[in-house]
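Look at the sequence and the model below before reading on.

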Amino acid sequence: MDSKTLNVLEYPKILDRLTGFCDFSASMDLARALEPTSSYELALARIGETTEARKLLSTQSTGVGGAHDIRPQADLAARGGVLDPHALLDVKSTLISCRDLKKSFEKRTDEYPRLTQVAMGLPDTHGLVDAITRILSDRGEILDSASPKLGDIRRNLRVAQDRLMTRLQKYVTDSKTVSMLQEPIVTQRDGRYVIPLRAEFKGKIKSIIHDQSSSGATLFVEPLPVVEANNQIRELQLAERDEERRILAE
């Protein structure tokens with residue numbers, strides 16, 4: 001059937017109305033792509049599916065649960081891209097929804113044979129759900145247990161940070177140095193742990209200047225005795241980042 005005839009029949013308006021009943025972006029695309037068929041057998045099959053779907057919707061609530069439109073994520077992964085944690089959680093919840101839907105229809109094959117056949121075409125999880133659960137928390141955090149190497153790196157990082165903070169705390173509590181500080185706190189600049197030195201005391205504490213306040217009254221300095229400790233922390237942070245990326249890629 002040509003497009004002119006379809007427009008005369010206001011077929012595009014019918015598709016727009018149908019799309020309005022869709023709750024899922026992927027199904028909206030499928031609805032917009034529907035075309036009339038000249039095949040009597042295919043028309044009967046579609047009517048049969050529609051009849052079963054109407055019966056299902058009138059008797060019970062069935063949906064796609066926590067499914068997401070993961071086509072962009074799947075495409076990125078297929079091209080060798082690395083998905084971030086939240087994208088992987090979307091994949092996980094979608095696969096769980098597929099698994100639950102298939103199980104639901106497997107129990108009602110006699111009642112909904114055509115819809116069951118459609119549901120059986122949904123993908124299997126192939127261990128992906130368990131794999132994602134093993135490395136990610138429900139909030140999308142990569143778990144320490146995701147790999148032995150990551151666990152070791154994070155333990156070493158916590159120890160290094162505790163040691164550094166202990167050394168910097170001496171500057172914010174020692175009566176000889178605390179009076180030189182704008183505030184008795186330890187903060188960060190460019191990933192380095194620093195203390196806020198009042199500008200008039202510049203040079204009184206041997207240090208590296210990383211930043212200054214907009215007024216110029218405060219210098220954010222890294223005391224020389226903690227430079228190596230800061231370096232160690234930065235190295236561990238980079239190692240953590242690389243291991244996290246390796247885990248996500250895997």
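How many nonpolar, polar and charged residues are there in the lining of the largest pocket? This is a predicted model, and in it that lining has 27 nonpolar, 7 polar and 9 charged residues. The lining is made up of 43 residues, and those nearest the centre of the pocket are Cys 22, Ser 27, Leu 30, Ala 53 and Val 118. The elements that give two or more residues to this lining are α2 (11–20), α3 (25–32), α4 (40–59), α6 (85–106) and α7 (113–119). Of these, α4 gives the most, with 7 residues. The space in the largest pocket comes to about 2,000 Å³.

The second largest pocket has a volume of about 450 Å³. Its lining consists of 22 residues, with Leu 83, Leu 88, Leu 128, Ile 132 and Glu 250 nearest the centre. Sorted by class, the lining of the second largest pocket has 16 nonpolar, 3 polar and 3 charged residues. At least two lining residues come from each of α5 (71–78), α6, α8 (128–135) and α11 (227–249). The largest share, 5 residues, is supplied by α8.

Helices α6 and α8 also pack against each other. Two packed helices are described by the angle between their axes and by the distance between those axes. For α6 and α8 the angle is about 140°, and the axes are 9 Å apart. The crossing of α6 past α8 is left-handed. Which residues meet where α6 and α8 are in contact? On the α6 side they are Leu 88, Leu 89, Val 91, Lys 92, Leu 95, Ile 96 and Arg 99. On the α8 side they are Leu 128, Val 129, Ile 132 and Thr 133. By class, this contact has 8 nonpolar, 1 polar and 2 charged residues. Leu 88, Leu 128 and Ile 132 take part in the contact, and these residues are also among those nearest the centre of the second largest pocket.

Helix α5 contains Gln 73. Is Gln 73 buried or exposed? Gln 73 counts as buried because its relative accessible area is 14%, and the cut-off for buried is under 20%. Apart from neighbours within four places in sequence, Gln 73 is in contact with Leu 83, Ala 87 and Asp 90. Of these partners, Leu 83 is one of the residues nearest the centre of the second largest pocket.

The remaining residues lie in loops. Glu 10 is in the loop between α1 (3–8) and α2. Its phi is near 60°, which is a positive value in a residue other than glycine. Glu 10 has a relative accessibility of 41%, so it counts as partly exposed. Asp 190 sits in the loop between β1 (187–189) and β2 (192–198). The phi of Asp 190 is near 55°, again positive in a residue other than glycine. With a relative accessible area of 68%, Asp 190 is exposed.

Ser 215 is found in the loop between β3 (207–212) and β4 (218–223). Why does Ser 215 count as exposed? Its relative accessibility is 61%, and exposed means over 50%. Ser 215 can also be placed relative to Glu 244: they are 29 residues apart in sequence, and their C-alpha atoms are 39 Å apart in space.

Methods: Residues numbered from 1 in each chain as written. Predicted model: local features only at pLDDT ≥ 70, side-chain atom pairs only at ≥ 80, totals over all residues. Heavy atoms only, no water. 1 Å grid on protein atoms, 1.4 Å probe; cavity = no way out; pocket = protein on both sides within 12 Å on 5 of 7 lines; lining within 4 Å. Points joined across faces, edges and corners; volume = space filled by probe spheres on them. Helix = DSSP H or I, 4+ residues; strand = E, 2+ residues; numbered from the N terminus. Nonpolar A, V, L, I, M, F, W, Y, C, P; charged D, E, K, R; others polar. Axes fitted to C-alpha atoms, helices over the stretch in contact; angles between N-to-C directions. Left-handed = near helix turned anticlockwise from the far one by under 90°. Contact = heavy atoms within 4.5 Å. Buried < 20%, exposed > 50% of the residue type's maximum accessible area, 1.4 Å probe, protein only.
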